[in-house]
Amino acid sequence: MKFSLEWLSDFADVARAGGAAEVRRLLDQAGFPVESLQPLSDDTILDVEITPNRPDAMGHRGLAREVAAMAGLPMTDLSARYADPVAEGPSTEHWASVVIRVPKLCRRFGARVVRGIGTGPSPEWMRRRLHAIGAKSISAAVDATNYVLWDTGQPLHAFDLDKLAGGVLIVRKATRGETLVTLDGVERALEPSDVVVADAERAVSLAGIMGGLDTAVTGETRNVLLEAAWWDPVTVRRTARRLGMHTDASHRFERGSDFDAIPAALNLAARLLTEAGGGAVAPGFLDAQGSVFRRRTTSLRLSRIRLLSGDTRISLDFAEEALSRLSFVSERKGKRLAVKIPNFRPDVRREDDLIEEVLRVYGYDRLPSRLPAAASPGEYREPLRRIEDRLSDVAAASGLFETIQYPFVDRDSDEAAWGDWLRITDTALEPLAIRNPLDFSRRHLRATLLPGLLDTLARNIRRGTTGAALFEVGRSFGQAGEPDRPESYESRRFAFALGGELRSHWSLPEKLRIADFFDARGLIEALLAPWLPASALVWKPVQVLALSAGASSTVHSRSGRLLGIAGQVGGSERLKRDLPVASFAGEILVDRLPSEEVPFVYRDYSTLPCITADLSFAQSKDVSWESIEALVEEAGIENLESLWCHDRYEGPGVPEGQVKTTIRLRFRSRERTLEQEEVNRQIQRLAGVLRSRPGITLSGWEK
């Protein structure tokens with residue numbers, strides 16, 4: 001695109017910026033390569049490459065903003081230039097009205113009326129500027145709209161007000177079989193997917209592309225209605241390509257126009273038109289609103305800037321100043337900025353986009369050319385990444401194979417049975433949907449890794465594998481977060497699924513057995529061992545529709561922090577996934593694990609013999625195994641080396657609501673050989689402790 005250096009100087013002091021050559025360098029730094037500089041009388045014409053993601057720079061004001069930001073200069077205050085022009089007579093509402101019937105495709109439609117214009121041409125300075133950048137001078141009204149287009153970047157259209165039936169503009173979809181003769185004299189066959197501007201009788205403009213010939217301004221036009229609007233980029237692009245039309249307006253609208261530029265553009269066009277052709281501007285302007293335009297916000301962390309740039313010299317103060325130069329509004333919140341994104345920047349949506357803006361101003365050539373710092377070769381500094389790598393290593397060493405699943409699901413079909421688990425973790429209580437999914441059967445971001453992992457397990461087993469053990473490290477979406485920190489809606493997860501025959505040990509491939517719940521529980525304990533030993537874990541029964549009742553539980557730390565879940569896949573879930581064998585699955589919440597691993601401490605093994613003893617008792621089903629372990633630990637039994645549940649029985653001979661439990665105790669001293677009598681005394685003491693616990697009944701150990 002061609003730009004006038006003289007025109008740019010209206011908005012920024014290009015002389016202080018260094019003149020044409022320095023402006024060229026600054027635009028190169030900003031990401032807008034200048035193909036050539038062409039001297040023209042008292043002006044210089046710049047041929048600038050504008051990338052499709054930067055429609056804001058397709059006008060002199062937007063490009064000047066980039067020059068000023070790179071040079072560290074203020075923009076010229078031109079508020080008077082875009083203010084309301086002097087108006088007289090009946091208001092705009094008296095002459096025209098606007099109705100929007102497609103609010104999502106036209107979010108704002110503005111209009112101003114200028115009455116009694118003359119037949120004279122536009123002023124010489126305007127024609128000279130338009131000619132310099134390759135635009136033709138046609139008439140005062142058309143030149144005014146073209147000038148505003150290249151000044152602000154906002155396309156406008158001028159209607160002959162007297163040719164609009166009913167004085168009304170209706171934004172609607174075209175009807176089947178409807179046609180429109182556009183300004184180029186070609187009759188266009190419209191489709192119901194096209195958006196048009198119509199009066200009370202017929203379509204008068206193809207929205208965002210080209211106006212109609214029947215209502216075009218001519219030499220006889222005396223009353224003009226100026227229109228500026230925001231059009232849906234996808235709709236404009238689809239219609240323009242189908243009809244083979246490419247105009248200055250469609251080029252900008254299909255890339256995204258500025259919702260907020262409409263009033264200023266209309267004010268400037270009305271003022272230019274009256275200065276050129278006389279006439280009077282009607283007071284006020286029509287401002288019809290469609291669907292609400294959501295204001296975008298995000299956050300910018302200093303740590304993230306330095307991580308991506310590799311330059312610790314960049315400060316948050318500089319980032320705030322750089323964004324301010326580019327018209328971003330930010331507020332300091334500790335070591336980050338809460339940033340409001342201006343509507344003229346549709347390409348900026350997340351934190352990394354803001355970092356790119358800061359680095360453009362800072363200068364990519366100033367960034368150090370070195371590899372990012374690492375704790376050791378091949379290791380990541382990011383703490384959770386180290387935890388994920390450790391979990392993956394343990395899983396691989398346990399015989400599991402890593403998989404990668406698609407992060408897209410359908411909540412109703414894929415995750416409905418996991419709703420209880422999602423509620424426990426406070427994740428995606430409402431589905432997190434994608435606005436424009438590639439596949440409408442997978443329109444949600446996953447809230448748990450388990451459904452996709454079970455589908456992969458089922459696929460492997462259905463294809464003849466007798467057993468499979470899989471895991472995945474990934475992210476789920478939808479946990480409670482902060483709107484200005486998009487990454488806070490993500491949760492780091494580790495999940496696994498087991499089914500069919502498993503090896504009992506890697507060195508014994510011929511000895512296979514069917515997977516059971518204790519494989520899942522043991523795997524959880526092995527995975528968490530670097531941070532929490534098995535004795536520091538608490539298992540609690542849980543009811544999840546996708547898992548079998550009585551064979552699923554959540555795992556917590558002693559402090560009550562939820563760490564994960566494990567259980568047997570229920571019958572209905574197996575049927576839905578077409579899982580032909582008994583299967584078990586679990587998920588660990590990676591971001592809830594301790595950041596530091598527990599160091600291993602070597603303890604030599606005692607060579608002295610042990611004494612093993614069993615202790616049986618009846619207990620209420622409400623008494624958990626963890627509470628029994630806690631009682632034994634609190635009792636401080638001397639020389640007790642280990643304790644485990646040897647047997648559980650319920651049925652004939654055991655009262656209803658109770659279960660008979662046998663625990664096996666192993667005693668060993670590190671200094672001497674124990675005698676049976678002293679072990680018996682310790683068992684007697686333990687029996688007394690258990691008997692004092694409500695819900696536990698012992699017999700045969702009375703004092």
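Of the contacts in the protein chain between residues at least 6 apart in sequence, 70% join residues at least 24 apart; a contact means heavy atoms within 4.5 Å. This is a predicted model, where local features need pLDDT of at least 70, side-chain atom pairs count only at pLDDT 80 or more, and totals for chains, interfaces and linings use all residues. Residues are numbered from 1 along each chain as its sequence is written, and side-chain values use heavy atoms, with hydrogens and water left out.

**Overall form**
- The protein chain has a radius of gyration of 37 Å, while a compact globule of 703 residues would be near 27 Å (taken over C-alpha atoms; the globule rule is 2.2 Å times the number of residues to the power 0.38).
- Along the principal axes, the C-alpha atoms fill a box of roughly 120 × 55 × 45 Å.
- The secondary structure comes to 21 helices and 32 strands (DSSP runs numbered from the N terminus: helices are H or I with at least four residues, strands are E with at least two).

**Surface and charge**
- Buried residues make up 50% of the 703 (buried is under 20% relative accessible area, exposed over 50%, partly exposed in between, with a 1.4 Å probe and protein chains only).
- The chain exposes about 33,800 Å², and carbon and sulfur atoms supply 51% of that area (Shrake-Rupley method, 1.4 Å probe).
- The 93 positive and 98 negative charges have mean positions 2 Å apart (Lys and Arg count as positive, Asp and Glu as negative; His and the chain ends are not counted). Each charge is placed at NZ of Lys, CZ of Arg, CG of Asp or CD of Glu.

**Strand β6**
- In a regular strand the side chains alternate between the two faces of the sheet.
- Strand β6 (residues 157-160) is covered on both faces. His157 and Phe159 are buried on one side, Ala158 and Asp160 on the other.
- β6 runs antiparallel to strand β13 (residues 223-231), joined by four bridges (strands pair if DSSP finds at least two bridges between them).
- Aspartate 160 stands opposite valine 224 in β13.

**Helix α20 and the loop after it**
- Buried residues of α20 (residues 625-635) include Trp625, Ile628, Leu631 and Ala635.
- Glycine 636 follows α20, with a positive phi near 65°.
- Asparagine 639 lies in the loop between α20 and β30 (640-649). Its phi is positive, about 60°, although it is not a glycine.
- Asparagine 639 counts as partly exposed because its relative accessibility is 29%.

**Aspartate 578**
- Aspartate 578 sits in the loop between α19 (571-577) and β28 (583-589).
- Its phi is near 60°, a positive value in a residue other than glycine.
- With 45% relative accessibility, aspartate 578 counts as partly exposed.
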